[in-house]
Amino acid sequence: MTALLETRGVWQRFGGLVANSDVSISVGRGEIVGLIGPNGAGKSTLFNLIAGVLPPTQGSIIFDGEDVTRLPAAERCQRGVGRTFQVVKSFETMTVIDNVIVGALIRNTKMRIARQKAYEVLEFCGLAARAEVLASDLVPSEKRRLEVARALATEPKLLLLDEVLTGLTPVEAQTGVELVRKVRATGVTVLMVEHVMEIVMPLVDRAIVLNLGKVLVEGKPAEVVRNPEVITAYLGDRHAVGA
Amino acid sequence: MDTHFAQRRRRDLIVALCLAALAALAPLFVKDVYVQNIMVLTLMYAALSQSWNILSGYCGQISLGHALYFGLGAYTTALLFTKFGVLPWFGMLAGGAISALIAMALGYPCFRLRGHYFVIATIVIAEIALLLIQNWDWAGAALGIDIPMRGDSWLKFQFTRSKLPYFYFALALACIAWFVTWWLEDSKWGYWWRAVKDNPDAAESLGVVVFNSKMGAAAVSAFLVAVGGSFYAQFVSYIDPESVMGFQFSLLMALPAVLGGIGTLWGPVLGAVILIPLTELTRSFVGGSGRGVDLIVYGALIVAISLALPRGLVSVFSLRKGAAR
């Protein structure tokens, strides 16, 4: 089976700073993959490269069997890459449903159908009751869900979630986890960046750990959390000895 | 939910039709030529501001150089008529098309600029165009163009005896600009534009081609403003660079929308109905030496509005609606 997403030897340099060096990862169809690593590991950069915010300095990105390395973000969305932002970027002056309609319009040209579709997505994400509210009036956890809803409305094959569970209360985070499971159940592949280990580890099928711009280890969550290198990267050498 | 939305759209349309019908009947009661003149200008600025609102209100690309398109419309019509005998109706379409093309040609470099830098670029470009026209001998340079009157006719769109034909044309123009906005509001473009205004990065991630959205908005906006300029040339029958391309036109297109509610369907109409009569009246009360007093008046108005109702006057209506629900 071919992977849905593959990065091949991807490098990203910002001036003298190397944010990603020789990153090669692959995400299979239907998987939930967690991308983790300490601050500054290059997770967000890799995300932006996959979403098409900027092209990599070197290397290539293959999505759904096609080389998309040079395609702009809008074009990648067209091909099935949906994403959320670490710092939420709602359309603040628009209502919740209008936010989602923007996403739905890429697959539906008829307004009535796009609106219908947007409403269904809101129901799926548990935001239907807030459809007519301005996005600026949502509470933070709702804004996160709106980000997911908007991306889902574009009917992605791959959904990139950038810290959607961060900064939520345990109950809210649990709702988020269930939403991610529901999303996968509809056949969408999920790649998620996350900080909160105890929430993300039971959720993902596989975890990829980045450190200092490189892939440190990858594997089943249970193996990854016990890996001495990972513990060193997160907590420093002293703790690794005990492991 | 879905029906609620459809209801609101239909209500807007019905209100607009009623207002248009009322306005159409107004000349039956208003015989005073001075007041009729103010009504023509009010409708024209409502149309212009509505068109400006498409690019600057909905799509969020604030232009303070729309006088350029106004002047282009006026000059295209006047030049085609006086030099080649082309009827103003064709001149209007030609002016609109030329403006739309120029708007896109200028948008190509300028839409890479964001925020204040974009605004500055629009001002500078309009000023350069003004200077060019002022020095273009074939187009009458600083003296301008006198449009010869050849008797009242709808064909030549000239009327000396009555202002009413101009009034009805201005009304039609305002209706068209409103209707185009209404129609675009619930189209892919309308949603794309608002998304681009609120957050271009997020828009791009949802498949919105930000650059194309801006180009589309600029073209529609410039086309409609140029038609307004063509109309103005016929209405005053004499144009010179400063009187159709001066900076004050750029302001007078922006201010009604800002006052009424930027990026809203009704804002420009509401703003124009308040602002334009006020401007004209202050001008005539203060007299010839008072040039600038009108500017003080609506400068004060804008300050008051932005302090009390930053979303414009229309927010008063939506607040009440929100409370009733």
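## Terms and basis

Two strands count as paired if DSSP finds at least two bridges between them. Helices (H or I, at least four residues) and strands (E, at least two) are DSSP runs, numbered from the N terminus.

The model is predicted: local features need pLDDT of at least 70, side-chain atom pairs count only at pLDDT 80 or more, and totals for chains, interfaces and linings use all residues. Residues are numbered from 1 along each chain as its sequence is written, while chains are lettered from A and ligands numbered from 1 in the order in which they are written.

## Sheet of chain A

In chain A, four strands make an open antiparallel sheet, in the order 2-1-4-5. Strand 2 (17–27) and strand 5 (66–67) of chain A are its edges, each pairing on one side only. Seven antiparallel bridges link strand 1 (residues 5–14) of chain A to strand 2 of chain A. A:Val23, in strand 2 of chain A, is the bridge partner of A:Val10.

Helix 1 (residues 43–51) of chain A packs on this sheet and touches strand 1, strand 2 and strand 4 (58–63) of chain A. Contact here requires C-beta atoms, placed from the backbone, within 7 Å. The direction of helix 1 makes about 120° with that of strand 1 of chain A (axes are lines fitted to C-alpha atoms, for helices over the stretch in contact; angles run from 0 to 180 degrees between N-to-C directions).

## Contact between chains A and B

Chain A contributes 25 residues to the contact and chain B 19 residues. On the chain A side, helix 2 (73–79), helix 3 (96–104) and helix 4 (111–124) each supply at least two residues.

## Confidence

Chain A has a mean pLDDT (the predictor's confidence in each residue, from 0 to 100) of 90, with 97% of its residues at 70 or more.

Definitions and conventions. Two residues are in contact if their C-beta atoms, placed from the backbone, lie within 7 Å.
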